[in-house]
Structures are given as structure tokens and as C-alpha cells.
Amino acid sequence: VGLFTGARLQEICQLHTKDIYLKDDIWVIDINDTENDKQLKTPDSKRITPIHHQLIKLGFIDYVNSIKGNRVFPDVPMSSTGTYSDNFSKYFGRFRRDIGISGKEYVFHSFRHLMADALRNADINDSTIKQILGHTDNSVTANYGSRQTIERLKKAIDKVEFPSIDWSILK
């Protein structure tokens, strides 16, 4: 999910099943702070992001539909600091070490950077990238008109490819 959305770890860990839905016939992730157990880094972090076709192909929608509770990742507990990301970040660090990946340059947040780079490499404009990643677009032209449609964001996000990954190993 991190790789194909560019979402922050906390944004992913706190997702509720109702945050995954069809909007205009496009599967989306609604990143919000509408529940007491959810928080956003900034007000601009609130966004609706289309789900990449590869993530759907890998079974993400089926997984979400199979969940009996409210949270998409119910096995990730909230920490004493009131976030879900603290505990998962520690788990991810141990997992990385266990499979032989070390170094501060390889952290969960690296997925966010990879998605930003992949969007740029797919010739997606900065304004669209900022909307997908939940960043502020302070350009003068961004202050006119409305945000881009889900359809346009879906076309942009689906242009992203990670050709060196063998997805069959994940099934």
C-alpha cells in the first residue's frame, strides 16, 4: 500500500474499511481524520487517492472486503503515544534487518519517495503529484479552479510502473 499510494505510514495504519470505496467507479483510499483514532500530519494531508491497478490485482480490495472489523489493519495496535505507526515502524525495522536490508536510506518512508520518483518518471506534473501525496501546491495557478478529478488522478497513478518487481511472489 505504501509503494502504490505514497501514503505516510500513519495514514495507512489508521485506515478504516469505510475509507476504501468506489468513487465514480474508481476504487479509492480516503485519507482523513474523521475518527478519534486518526490524525493527519497537516490539513493538506486529507485527500482521496485512487488505488493503483497493480494493488487491486494483488487482492487489496478482496482483503479489505474480507475484514470483519472497522480497521483495515486490525493487527497493528495503537502505541502509548496514540499512533499506529510507532509500533509498525519498529516491526518494519526488524523485518528489514531479518531479510538483510540495512541502512537508514531503506525505511518505510522510502516507499513515499519511490512513488514520488515514479510519478515524475511517468511525466506526471508536480501539481498532480502534490495532490496524490497530500502536499500543498503553493503555486499561483494552483489557487485557481478546483482540484483534479478522480478520473485524472487514476490515469496518473496507473502510469506508475515498477518493472523490476516480480509481483507473482506476493500471491
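1. Start with Leu 119. Setting aside residues up to four places away in sequence, Leu 119 touches Ile 124, Ile 129, Ile 132, Ala 156, Ile 157 and Val 160. Keep in mind throughout that this is a predicted model.

2. Where does Leu 119 belong? Leu 119 is part of the largest nonpolar core, which has 39 residues. Leu 119 is among the members that touch the most other members, along with Ile 20, Ile 29, Ile 51, Phe 60, Val 72 and Ile 132. Several elements give two or more residues to this core: α1 (2-5), α2 (9-13), β2 (26-31), α4 (60-66), α6 (110-121), α7 (126-133) and α8 (150-158). As background, nonpolar side chains in soluble globular proteins tend to be buried together.

3. Now the overall layout. The protein has eight helices and three strands. From the N terminus on, the order is α-α-β-β-β-α-α-α-α-α-α. The protein has 171 residues, and 43% of them count as buried. Take the contacts between residues at least 6 apart in sequence: 62% of these join residues at least 24 apart.

4. How do α7 and α8 pack? Two packed helices are described by the angle between their axes and the distance between the axes. For α7 and α8, the angle is about 95° and the axes are 11 Å apart. That makes α7 roughly perpendicular to α8, because angles of 65 to 115 degrees fall in that class. On the α7 side, the contact is made by Thr 128, Gln 131 and Ile 132. On the α8 side, Leu 153, Ala 156 and Ile 157 make it. By class, four of the residues in this contact are nonpolar, two are polar and none is charged.

5. Thr 128 deserves a look of its own. Thr 128 lies in helix α7. Is Thr 128 buried or exposed? Thr 128 has a relative accessible area of 3%, so it counts as buried, the cut-off being under 20%. Its side chain has a polar contact of 2.8 Å with the side chain of Gln 148. Not counting residues up to four places away in sequence, Thr 128 touches Gln 148, Leu 153 and Ala 156.

6. Thr 128 is one of the buried residues of α7; the others are Ile 129, Gln 131, Ile 132 and Leu 133. What covers them? The cover includes α1, β3 (47-50), α6 and α8.

7. Check both ends of α7. Asn 125 caps the N-terminal end of α7. A side-chain oxygen of Asn 125 lies 3.2 Å from the backbone nitrogen of Ser 127. Just after α7, Gly 134 takes a positive phi of about 80°.

8. Which residues have a positive phi although they are not glycines? Asp 25 is one of them, at about 65°. Asp 123 is another, also at about 65°. For context, most residues other than glycine have a negative phi. Asp 25 sits in the loop between β1 (20-23) and β2. Asp 123 lies in the loop between α6 and α7. Asp 25 is exposed, with a relative accessible area of 72%. Asp 123 is exposed too, with a relative accessible area of 69%.

9. Turn to Leu 55, in helix α3 (residues 53-57). Leu 55 counts as buried, at 7% relative accessibility. Leu 55 and Leu 3 are 52 residues apart in sequence. In space, C-alpha to C-alpha, they are 9.3 Å apart. Leaving aside its neighbours within four places in sequence, Leu 55 is in contact with Val 1, Phe 4 and Phe 60.

10. Finish in the loop between α7 and α8, where Thr 136 is found. Thr 136 is partly exposed, with a relative accessible area of 36%. Which residues does Thr 136 contact, leaving aside neighbours within four places in sequence? They are Asp 44 and Lys 130. The C-alpha atoms of Thr 136 and Ser 45 are separated by 8.4 Å. Along the chain, these two residues are 91 residues apart.

Conventions. Residues are numbered from 1 along each chain as its sequence is written. This is a predicted model: local features need pLDDT of at least 70, side-chain atom pairs count only at pLDDT 80 or more; totals for chains, interfaces and linings use all residues. Side-chain values use heavy atoms; hydrogens and water are left out. A nonpolar core is a set of buried Ala, Val, Leu, Ile, Met, Phe, Trp, Tyr and Cys residues joined through side-chain atoms within 4.5 Å. Buried means under 20% relative accessible area, exposed over 50%, partly exposed in between (1.4 Å probe, protein chains only). Helices (H or I, at least four residues) and strands (E, at least two) are DSSP runs, numbered from the N terminus. Contact means heavy atoms within 4.5 Å. Axes are lines fitted to C-alpha atoms, for helices over the stretch in contact, and angles run from 0 to 180 degrees between N-to-C directions. Angles under 35 degrees count as roughly parallel, over 145 as roughly antiparallel, 65 to 115 as roughly perpendicular and the rest as oblique. Ala, Val, Leu, Ile, Met, Phe, Trp, Tyr, Cys and Pro count as nonpolar, Asp, Glu, Lys and Arg as charged, and the others, Gly among them, as polar. A polar contact is a pair of N or O atoms within 3.5 Å; within protein, one must be able to donate a hydrogen and the other to accept it, and residues adjacent in sequence count only if both atoms are side-chain atoms.
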